[in-house]
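This briefing covers the fold of one protein chain.

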Amino acid sequence: MSTDYTLEQFLADTRATIKAKGVPSGLAEVRGHLEKLLHNPELLTKHLGDPPPYTRLTTIGHDPETDVHVLVHGREKGSTSAVHDHGPCWVVYGNYKNPTRMRRWRRLDDGSRPGYAELELQKEFLNEPGQAAVFAVGDIHSIEFGDDTFFIRVTGGDVETKQTLKFDVAKKTVEIADRAQGQR
Ligand SMILES: [Fe+2]
């Protein structure tokens, strides 16, 4: 019998952590659960098929009690995202196959001027397969990855139905992206 850490165990452990510690205090522990899940070699074949197909976004798990979602993104071609936040949601981001270059950004202005935002790069690192990174509500980041990259996002709330902020660092602008309308 396989002893691999399953999606069901992940959802149960994450529910227990959130109930016991709350958010954001429990997010570091949720990251640990996700890293265990990322080490399950059969995770994607079990939930997506064998071989796992590329997918823009597939939800493989949801816990109604905590509204935690588990999303798989499998990208055939490399890409770079806009600099963004996640609206009212927290996100734990883990790489399954190939790394993502992760950039965290700090907002310097106070947000009082409509459409204006000034950001500076706070931290840049490679999120390697098997590793996960936590983004609390309000954290700002961008991602860059190469071909054939699979990553998993665990979100508190359904971020893809929410309004989030999208930044242009060079132009010093910010706009609202309505993800339910496919804007991101
Ligand atoms: Fe994000």
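Strands E1 and E2 (residues 68-75) pair in the antiparallel sense, with six bridges between them. Within this pairing, Thr55 has Gly74 of E2 as its bridge partner. The model is a predicted one.

**The sheet**

- E1 and E2 belong to an open sheet of five strands, ordered E1-E2-E10-E5-E8, in which the pairing is antiparallel.
- The edges are taken by E1 (55-63) and E8 (132-135); each has a single partner strand, so one side of each lacks a neighbour in the sheet.
- From one strand to the next, the twist averages 20°.
- Pairing of strands in a sheet runs through backbone hydrogen bonds, in either a parallel or an antiparallel sense.

**Helices on the sheet**

- Helix H1 lies across E1 and E2, and its direction is at about 60° to E1.
- Helix H2 also packs on the sheet, where it touches E5 (90-97), E8 and E10 (149-156).
- The direction of H2 makes about 20° with that of E5.

**Contact between H1 and H2**

- The axes of H1 (residues 7-21) and H2 (residues 27-38) come within 9 Å of each other and cross at roughly 175°.
- Because angles over 145 degrees count as roughly antiparallel, H1 is roughly antiparallel to H2.
- On the H1 side, the contact is made by Leu7, Phe10, Asp13, Thr14, Thr17 and Lys21.
- On the H2 side, Glu29, Val30, His33, Leu34 and Leu37 make the contact.
- Sorted by class, the residues of this contact are five nonpolar, three polar and three charged.

**The protein as a whole**

- The protein contains three helices and twelve strands.
- Its radius of gyration is 16 Å, close to the 16 Å given by the globule rule for 184 residues, so the protein is as compact as a globular protein of that length.
- The C-alpha trace spans about 60 × 40 × 30 Å along the principal axes of the protein.
- Of the 184 residues in the protein, 28% are buried.
- Taking contacts between residues at least 6 apart in sequence, 72% join residues at least 24 apart.

Note on methods: Residues are numbered from 1 along each chain as its sequence is written. This is a predicted model: local features need pLDDT of at least 70, side-chain atom pairs count only at pLDDT 80 or more; totals for chains, interfaces and linings use all residues. Axes are lines fitted to C-alpha atoms, for helices over the stretch in contact, and angles run from 0 to 180 degrees between N-to-C directions. Helices (H or I, at least four residues) and strands (E, at least two) are DSSP runs, numbered from the N terminus. Angles under 35 degrees count as roughly parallel, over 145 as roughly antiparallel, 65 to 115 as roughly perpendicular and the rest as oblique. Two residues are in contact if their C-beta atoms, placed from the backbone, lie within 7 Å. Ala, Val, Leu, Ile, Met, Phe, Trp, Tyr, Cys and Pro count as nonpolar, Asp, Glu, Lys and Arg as charged, and the others, Gly among them, as polar. The radius of gyration is taken over C-alpha atoms; the globule rule is 2.2 Å times the number of residues to the power 0.38. A residue is buried if 20 or more other C-beta atoms lie within 10 Å of its own, exposed if 12 or fewer, and partly exposed in between; C-beta atoms are placed from the backbone. Two strands pair if DSSP finds at least two bridges between them.
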